[in-house]
Amino acid sequence: MPGPGFCGLSRLRVFPSVFVVAALLGLLPVLRSHGLQNTVTSKVSTMGLYIGPGEGDVTSAPPEVGHEVHSMTNHSSTSHKKIRKLFPVLDLDYHHVQTPFEISLWILLACLMKLGFHVIPTLSSIVPESCLLIVVGLLVGGLIKGVGESPPLLQSEIFFLFLLPPIILDAGYFLPLRPFTENLGTILIFAVVGTLWNAFFIGGLMYAVCKVGGPQINEIGLLENLLFGSIISAVDPVAVLAVFEEIHINELLHILVFGESLLNDAVTVVLYHLFEEFSGFPQVTLRDIVLGFLSFFVVSLGGLFVGVIYGIVAAFTSRFTSHIRVIEPLFVFLYSYMAYLSSEIFHLSGIMALIACGVIMRPYVEANISHKSHTTIKYFLKMWSSVSETLIFIFLGVSTVAGSHHWNWTFVISTLLFCLIARVLGVLGLTWFINKFRIVKLTPKDQFIIAYGGLRGAIAFSLGYLLDTRHFPMRDLFLTAIITVIFFTVFVQGMTIRPLVDLLAVKKKQESKRSISEEIHTQFLDHLLTGIEDICGHYGHHHWKDKINRFNKKYIKKCLIAGERSNEPQLIAFYHKMERKQAIELVETGAMAKMPSPASAVSMQNIHPKATTARIMPKLSKDKEEEIRNILRNNLQKTRQRLKSYNRHTLVADPYEEAWNQMLLRRQRALQMEQKINNYLTVPSQTPESPTMNRARIGSDPLPYDPKPNSENLPIITIDPASPQSPESVDLVNEELKSKNPVPDEEDDAGLVMRPQEPSSPGTDDVFTPEPSDSPGTQRLLRCLSDPGPRPEPGEGEPFIPKGQ
């Protein structure tokens, strides 16, 4: 039996043991998950307690354990001789945090590379950012491989599930909707028809090259080449964004190339899965081809439908977030990502779903959420997409070093040449067809930029990496050719497109802030063009746009936007948005600090009081103010109300319309004939004067009308000032003949003989038929006769000193 000293010592040891047991009980679920249950049980059992099967079942120790404890108390001297493990002050467990630590390191490397690129302005003006990031990836991959480690590859699942969605969501959420919808037909033709043309053109020619290219590539069949053509033909949105945002190309070219890169995803996905499935079939039938053609509409329209559904749900959810503003941005990200994942479940177009979700939700979400949430969404999307884009290009370089390659000069060079030729021919042919229907034609410069901007990127590499080597044993050759095309388009075309844009003087994007005046004129022109289409009976995109806007304002806004903002006119909403943006810019630039505070403004008013008395305004009750506001909103802020639609099919025919048209035609012909006559006349017609004024002018100053001595061909006319005849009635033809054939003096003394002109015979033209009086001498004389001479000045002839002075 132990003594009292031992009992006191055992009490002191029991209390710390109880605390240790209580702490272990709290950590028991975590320890069980790591497989440490047996160790804890054995250690705790030595203290006199037993932990049962449940997490909180604590009972007395079983007999065996109690016996061991009793034996240990009897042999306390032997227990003191055992070596006790020291407490680990510092431990190393890298494998526990290896994955998140390496991810953080890669993101940090990407951000540092992006920061260093923009710190050096000379480098950023010559080399695109994507090229520099690929070079960094090549260096990092070579360094890792030189150390003896295996560099990480760009896994297709990581790319499609984590890296691509932020870039597409950022592009879809902030998509310029007006230029996109105005050029939607052109974008669809380039995205669908152009991608199909490139895929079949490259695949067919590569199949011919494989047949004559040598024994290494003779085994590649037609379906494999068509699959390779569908992978390499699609324009990459990541590469286009990275290059086109740096050169600041004009909005039309940017939306055409970028819209094509977004919408060709449906064609690429369909062709990829189609040829991948066909490669496993023993024989491809007509039924399989028809089903593959129908799958294009299912994939594209299905992804669009999924995105619209999630966008509407996101907008409806944001209507009830007024009491908890913190989670508003999270709904935007989650619903968009769920739309992408839901589309990928059914092999639909995830890119189409993300674009549709972002476009649909944005106007309603921004009307419901707070301004802080809007700022959070904007900057988080920009940050997320920028980091993803940087990681994609770095991992492209690393994967180039780490991956296995199979080089064949014939296959790789032929792929590069056929990609360039197919792009140029496709753009030229489709533009020739598109320009027949466009009002603003695509110029040769625009066509060159569109063809030159067809860049390939990580989407093609990831699709090639997904190929199964069991069905496609030449996958390494495909990946080598894809990487070569990516490097050529990103480095060569990406680096030379900026100087080519400057050399061709292509119009660049003009950064201008939208104003209220511009918004008013834009809405006015939209309504005007809609009315013109209604009158003409032509249902163009302005007509359908007006229909959609009316349906949106009447039904959808009331369901998806909370409060009075659902009835707020578009112009007023734009004005509030501009005011908010201007206030933020003032705060960011520090201009608000220069403005006087309310206290200082009051003090300045006390120092310099205004002499004018304030106008006394009548006080209105809140009900009266609300009534006036509703009257103004319902009557004055309506920009257009359609009361009755008119078109050319419902107009009543005017019985006098034909007669009016004939009269207008006759009047137009008379005006044209008069204009022709005026063009053929040499002497302008003067205002007729009375005969008395003409005789007085000639009698007062006959010298200006005397012929010059050097002019021998001019006829000499003698005019009697007392004669009642007018000089305008002088027959110049007779005077000219008289000068050539002198007549007797008796006829001269008789004065001027006036003879009436004979009427012209029918069928002759008085204006265009030349007469003998149209000689140069006659014209000069007529000009002299019609000249009234210099007019006297207002004060000429008056006495210097007026009378009476």
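**Notebook: a look through the predicted model**

Confidence came first. This is a predicted model, and I got a mean pLDDT of 75 for the protein, with 67% of its residues at 70 or more. I then went to residues 597–612, where pLDDT is below 50. Beyond near neighbours in sequence, that stretch makes zero contacts in the model. I also checked residues 721–737, where pLDDT stays under 50. For this stretch I found 30 contacts beyond four places in sequence.

Next, the overall build. I counted 33 helices and two strands in the protein. Of the 805 residues, 33% are buried. I looked at contacts between residues at least 6 apart in sequence, and 79% of them join residues at least 24 apart.

Then I went inside. Which residues touch the most other members of the largest nonpolar core? I got Phe159, Leu164 and Phe411, out of 125 residues in that core. Helix H23, residues 475–504, gives the core its largest share, 12 residues. I also noted a second, separate core of five residues, including Ala315, Tyr364, Leu560 and Ile561.

I went back to Phe411 for its partners. Leaving out residues up to four places away in sequence, Phe411 touches Met206, Cys210, Ile217, Ile220, Asn225 and Phe228, and also Leu477, Phe478 and Ala481.

Definitions and conventions:
Residues numbered from 1 in each chain as written. Predicted model: local features only at pLDDT ≥ 70, side-chain atom pairs only at ≥ 80, totals over all residues. Heavy atoms only, no water. pLDDT = per-residue confidence, 0-100. Contact = heavy atoms within 4.5 Å. Helix = DSSP H or I, 4+ residues; strand = E, 2+ residues; numbered from the N terminus. Buried < 20%, exposed > 50% of the residue type's maximum accessible area, 1.4 Å probe, protein only. Core = buried A, V, L, I, M, F, W, Y, C linked by side-chain atoms within 4.5 Å.
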